[in-house]
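Dear colleague,

Please find below the structure that I am handing over to you, with its sequence. My notes on what was found in it follow.

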Amino acid sequence: MNNDLNPRSNHIMVELDQAKKIYPMGGQEVRALDGVSMSFREGSFWAIMGPSGSGKSTMMNIIGCLDRLTEGRYLLEGHDVKTLDDDALSEFRLKHLGFIFQSFNLIPQLTVQRNIELPLYYLGWEAKESEERAIELARRVGLEKRLDHRPTELSGGQMQRVAIARALANDPQVLLADEPTGNLDTATGDQILEMLVDLNNQGKTIIMVTHEDHIAAHAKSRLHMKDGVIERLEGEFE
Amino acid sequence: MKYNKFWRDVLLGVENLLLHKLRSFLTMLGVVFGVGSVVAMLSVGEGASKEALEQIKKVGSNNIIITSMKSVEEETETNQRGPRMSIYGLTYEDRERIARTFPAVKQTVPVKLIREEAHIGERSMEIRVVGTTLAWFDIVRRPLLAGRILSPSDFEGHSAVVVLTEYGARRLLATKNTIGENLRIGTDNFMIVGIVKSEGGKAADLQLPDQEVDAYIPINIAKTYYGDTTRDGTDSREMKQVELDQVILEVEDLEHVEAVAKGIEVMLDRFHTKKDYAMSVPLALLKQAEATKRTFNIVLGSIACISLLVGGIGIMNIMLASVTERTREIGIRRAIGAKRKQIITQFLIETVVLSTLGGIVGLGLGIFIPLVITLTAGMPTVVTPLSVMLPLFISIAIGIVFGLYPAARAAEVDPIIALRHE
C-alpha cells in the first residue's frame, strides 16, 4: 500500500481505463459500462449524473469494489482491483472506502455507537479504542448525545449523519455517496451536502451519484453518463 | 486480544438472539429436550448398570449355585394319601465328585437348609437354618456386625453355635449384648456367636445365596440334629429326604464358569435319574441381563438422538429464515468490508450459542428427570461426568453442524443485491 511506489497515485485516486461491464440478460447483452475511461483526482468532488439505466450505479459498484469489470482496468490508489479475490476486495473496501447510501443502511438492532464502530470491529480494533473513536466521530456529526439510541429512534437526517460517521471511521481516502439526500427533505439534504463539502475541503475524495441538478451543484465537478458511456464532463477538472 | 474479541462476538450473538426472545426460546426447545432425554437416558442406564454390577458382587459372578428340587415327575406320581417320603436332590457324593472332576472349581460349599422356628425369650420368628462349612463365609462375603463368624473349632468340637443375620437379630431383639446368649431353634439350643449383614432380602432377588432370615450353623451339627429327613415345608406333613439342599461352587477363573456349569450338568444328569436339581449361574444371568440392557440403551439412545436431530433441524430452519430476514444487514456488513469468513463466524456463533444454551438447559432437565424417577419409581440413577459432558459436547456440535449451512448461505449473499433488498 505504499503510494510512493506509484507516482501517479499521489494525484489520481480512482482510475478507470476502457472499463466495460457487460451483463447477460435474457440471451442479450446489457452493456452497463461500455468503455469508460476516467480519472478521479485526490481531493476532487464528483457528482455522477444520468438517467436510470445510464450505468451510473454500475460505475459506483465498480468503484466501490463491490463488483468487477468484465473488461478494462480499474485502479484504486494505484492498485489493480481486478487481480484481487473476494477476501482482498473486502479488505480493500474496509481500508480505503467509505460508503454513504440513499437509505442510510444502518443495522437496526445496533446502537448508534455500534453502527459507527462496525468498520473498526472488522479492522480488529480493541473495544476501548473503537469506543473512543466512535464518540469522537459522533461529536463530529453532532450526535454525541445519541450514542445509545437505535437507528429507528432517529430522524432521517440523523441516520444519514450516523452513516457518514460510520463511513469515516476507518479514515478512508475515498467516500462514495449513492443518492445521499434521496430520502431526505431539502433542508436536511442540504445539511448533509454541507457536511460532504466540508469533508471534501478537509481532503477527502468524494464521488456522489445523484440525478438531481441542485444536489450535483454542490460538487466541484459533474460527470454525465448515458447508455454506459460518459456523455460529458462539467465543472473543474483536468 | 483474540480472547476478548471472541467474547465480544459471543455477546453480540446473544444480543441478536435476545432481539427475538420467544423465537430463540422456541428454537432452543428442540435441543433442550434432545439433550435432556440423552442425559436422563444415560443416567437411568448408568444407574441400572451400577445396580446390576452391585448384584454381581453380591451373588459372586464366579459362583455356580446348584439347588435340590423335587422333580416334576415326582410331584405328579406320588399323589397318594398319607404322609409320604420323597427322596431326591444332591448328595454328599455329588459334591465330592464335582470337586474331584473339575479342577477349575476352587471350592465347594455344601448347604443344608431347614425351616424352623427360632426363639429368644418371648420373641420368635421363622428362620432358615443354614448348615454349612466355613467356605460359605468365603464365598458369600457379608460384613460382620458383631461377634464372629463360625470357626474351625466349632466344627471340630461339634459346637451348637449360630450366626444370625442383621434382620433376624433385629426381629429377635438381639444386640451386641446378645452374643453368647441362647437361641432356641425348634427344641434345640444354640449359642449366638455373631451377627452378619444380609444382602438377600426377599428370596426372589437375583439368585442370591443368602436370605435375610438365615441362621448359620456348622453343617455337622445340622446333620446330627436334623438328619437328612426333614419336613417338606413348615406346615406340611410330607417328608423329604435330601442330603444336601444346595451346593455352591466357586470357579477359579471367570472365563471357565459357563463351561464348568455345562460339564457339571452333564455329569449330574448321568448320576441322577430324574432332574431333581436346578442350576443357577449368576454370570450367565448377568450376561443375559446386560445384553437386554444394551438393547434397551440402544433403543433409548436412538430415540434421544432423533430428538437431538429434530432439534438441530429446527435450529437450522430458523437460522435460514434469519439469514433471509437479515440479508440487508449482511449486505451492509459485506459492503463495509466484512469477509465471508467473518459473516460465517457471526452466524455460526449465534447458532452455537443457541444450541449450547439449549444444551445447558437440557442438562438441567436431564438431571432433574432422573431425580424424579429415583424419588417416585425408586429406580437408581447415576449422573456421571460423561453423561454431563457428552450431551454438552453434542449440543455444541449440533450448533456447528446445523449452523454451517445457514452461515454459508449468509456468506454467499451478494452485497449489491442485498443492499437493494428492502
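**Overall form of chain B**

The centres of domain 1 of chain B and domain 2 of chain B, taken over C-alpha atoms, are separated by 57 Å. Please bear in mind throughout that this is a predicted model. Domain 1 of chain B is made of two stretches, 2-56 and 288-420, and domain 2 of chain B covers 70-275. The radius of gyration of chain B is 34 Å, whereas a compact globule of 422 residues would have one near 22 Å. Along the principal axes, the C-alpha atoms of chain B fill a box of roughly 105 × 50 × 45 Å.

Chain B contains 14 helices and 13 strands, and 40% of its 422 residues count as buried. If one takes the contacts in chain B between residues at least 6 apart in sequence, 82% join residues at least 24 apart.

**Strand 12 of chain B**

Strand 12 of chain B (residues 246-251) has five of its six residues buried, so the strand is largely enclosed by the rest of the structure. Strand 12 of chain B pairs with strand 1 of chain B (residues 63-68) in the antiparallel sense, over five bridges. In this pairing, Leu249(B) is the bridge partner of Ile64(B). Strand 12 of chain B also runs antiparallel to strand 3 of chain B (residues 105-120), to which six bridges join it. There, Glu250(B) in strand 12 stands opposite Gln107(B).

**The sheets of chain A**

Chain A has an open sheet of four strands in the order 2-1-4-5, with antiparallel pairing. Strand 2 (28-41) and strand 5 (79-80) of chain A each have a single partner strand, so one side of each is left without a neighbour in the sheet. Within this sheet, strand 1 (residues 12-25) and strand 4 (residues 71-76) of chain A are paired over five bridges in the antiparallel sense, and Leu16(A) stands opposite Tyr74(A) of strand 4.

Another open sheet of chain A has six strands, in the order 6-7-8-3-9-10, and its pairing is mixed. Its edge strands are strand 6 and strand 10 (229-235) of chain A, each of which pairs on one side only. From one strand to the next, the twist averages 20 degrees. Strand 7 and strand 8 (residues 205-209) of chain A run parallel and are joined by five bridges; Ala177(A) stands opposite Met208(A) in strand 8.

Two helices that pack on this sheet deserve mention. Helix 1 of chain A (residues 56-63) touches strands 3, 7, 8 and 9 of chain A, and its direction makes about 150 degrees with that of strand 8. Helix 5 of chain A (residues 156-168) touches strand 6 and strand 7 of chain A, at about 170 degrees to the direction of strand 6.

**Where the chains meet**

The contact takes 19 residues from chain A and 18 residues from chain B. Helices 1, 11, 12 and 14 of chain B each give two or more residues to the side that touches chain A. Helix 11 of chain B supplies the largest share of that side, five residues. By class, the side of chain B that touches chain A has nine nonpolar, five charged and four polar residues.

Helix 11 of chain B is also among the elements that cover the buried residues of helix 2 of chain A, together with strand 4, strand 6, helix 3 and strand 7 of chain A. Those buried residues of helix 2 (residues 86-96) are Ser90(A), Arg93(A), Leu94(A) and His96(A).

With kind regards

How values were computed:
Residues are numbered from 1 along each chain as its sequence is written. Chains are lettered from A and ligands numbered from 1 in the order in which they are written. This is a predicted model: local features need pLDDT of at least 70, side-chain atom pairs count only at pLDDT 80 or more; totals for chains, interfaces and linings use all residues. A residue is buried if 20 or more other C-beta atoms lie within 10 Å of its own, exposed if 12 or fewer, and partly exposed in between; C-beta atoms are placed from the backbone. Two strands pair if DSSP finds at least two bridges between them. The radius of gyration is taken over C-alpha atoms; the globule rule is 2.2 Å times the number of residues to the power 0.38. Two residues are in contact if their C-beta atoms, placed from the backbone, lie within 7 Å. Ala, Val, Leu, Ile, Met, Phe, Trp, Tyr, Cys and Pro count as nonpolar, Asp, Glu, Lys and Arg as charged, and the others, Gly among them, as polar. Domain bounds come from an automatic or database domain assignment. Axes are lines fitted to C-alpha atoms, for helices over the stretch in contact, and angles run from 0 to 180 degrees between N-to-C directions.
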